[in-house]
Amino acid sequence: MKKILSTTLLMMVWIIGSSFSTLKEGDLTKEDRKYINDYLKQSQKELFSRIKNLSEDQWTFKVSETAWSPAEICEHIFKTETTLVSRADAMDTTTFKPQTEEYVKEKVDFIVDFLQNRERKFKAPEHIQPEGQFATSKDFISSFKKKRSETMAYVNSVEKPLKGYYKDFGPLGEISGYHWLVFISAHTQRHIKQLDEVLANPDFPI
């Protein structure tokens, strides 16, 4: 019996060890996936805390003709998420040149800081501009929960070495598929700041 138990224990150790050894250069680690998913949960929580109780008048309020309402800001966040996941997934068609962990972390910090700076303004491409998709904040929240769950499922299941593929993206320099996944939440937080500006406007409906 002892011999059988010892053999079983050795096999389990070998199987566990083998699963770790299959991690290839550029693969997302368990810690990478946890970081991305924790950030996705955090940014979703922050977003919902702003909009969950908005009335229809508040949801569609615009500071000016050219400014976005909370509804339009949220729709842009929703549409952009689909684009960013697709962009991350397509990175395996670019150049494979893994960087050091130090570089990866520094680039994450740079992306987050860059997007939090609302002094930098960018015009959203036409395909991710709002078109009145969500009539109420409840409609949006319901759809966004599903969207974000799909994003997290992708993060948990993707087997491509997204951390190893890099491509130049304008002011951000060279970033990887992993960085695009981080970008999703940083982008959400950028527009939460925009949302806060609308909510703080003195003309915002009470």
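Predicted model: local features only at pLDDT ≥ 70, side-chain atom pairs only at ≥ 80, totals over all residues.
## Ground rules

Local features here need pLDDT of at least 70 and side-chain atom pairs count only at pLDDT 80 or more, while totals for chains, interfaces and linings use all residues. Residues are numbered from 1 along each chain as its sequence is written, and side-chain values use heavy atoms, leaving out hydrogens and water.

## Rings that pair up

A search of the whole structure turns up 13 aromatic pairs. To pair, rings of Phe, Tyr or Trp (its six-membered ring) need centres within 6.5 Å; planes under 30 degrees apart are stacked, over 60 edge-to-face, and the rest tilted.

Take phenylalanine 78 and phenylalanine 134: their ring centres are 5.2 Å apart and their planes sit at 75°, so this pair is edge-to-face. Phenylalanine 78 is in helix α4 (residues 70-89) and phenylalanine 134 is in the loop between α5 (101-116) and α6 (137-157), so the pair ties together parts 56 residues apart in sequence. Helices are DSSP runs (H or I, at least four residues), numbered from the N terminus. Ring pairs also link Phe48, Trp59, Phe78, Phe134, Phe140 and Phe144 into a cluster.

## Buried spots

Both phenylalanine 78 and phenylalanine 134 are buried, meaning under 20% relative accessible area (1.4 Å probe, protein chains only). Histidine 76, in helix α4, is buried too, at 4% relative accessibility. Leaving aside neighbours within four places in sequence, histidine 76 is in contact with Trp68, Ala124, Ile128, His187 and His191; contact means heavy atoms within 4.5 Å.

Note on methods. Helix = DSSP H or I, 4+ residues; strand = E, 2+ residues; numbered from the N terminus. Buried < 20%, exposed > 50% of the residue type's maximum accessible area, 1.4 Å probe, protein only.
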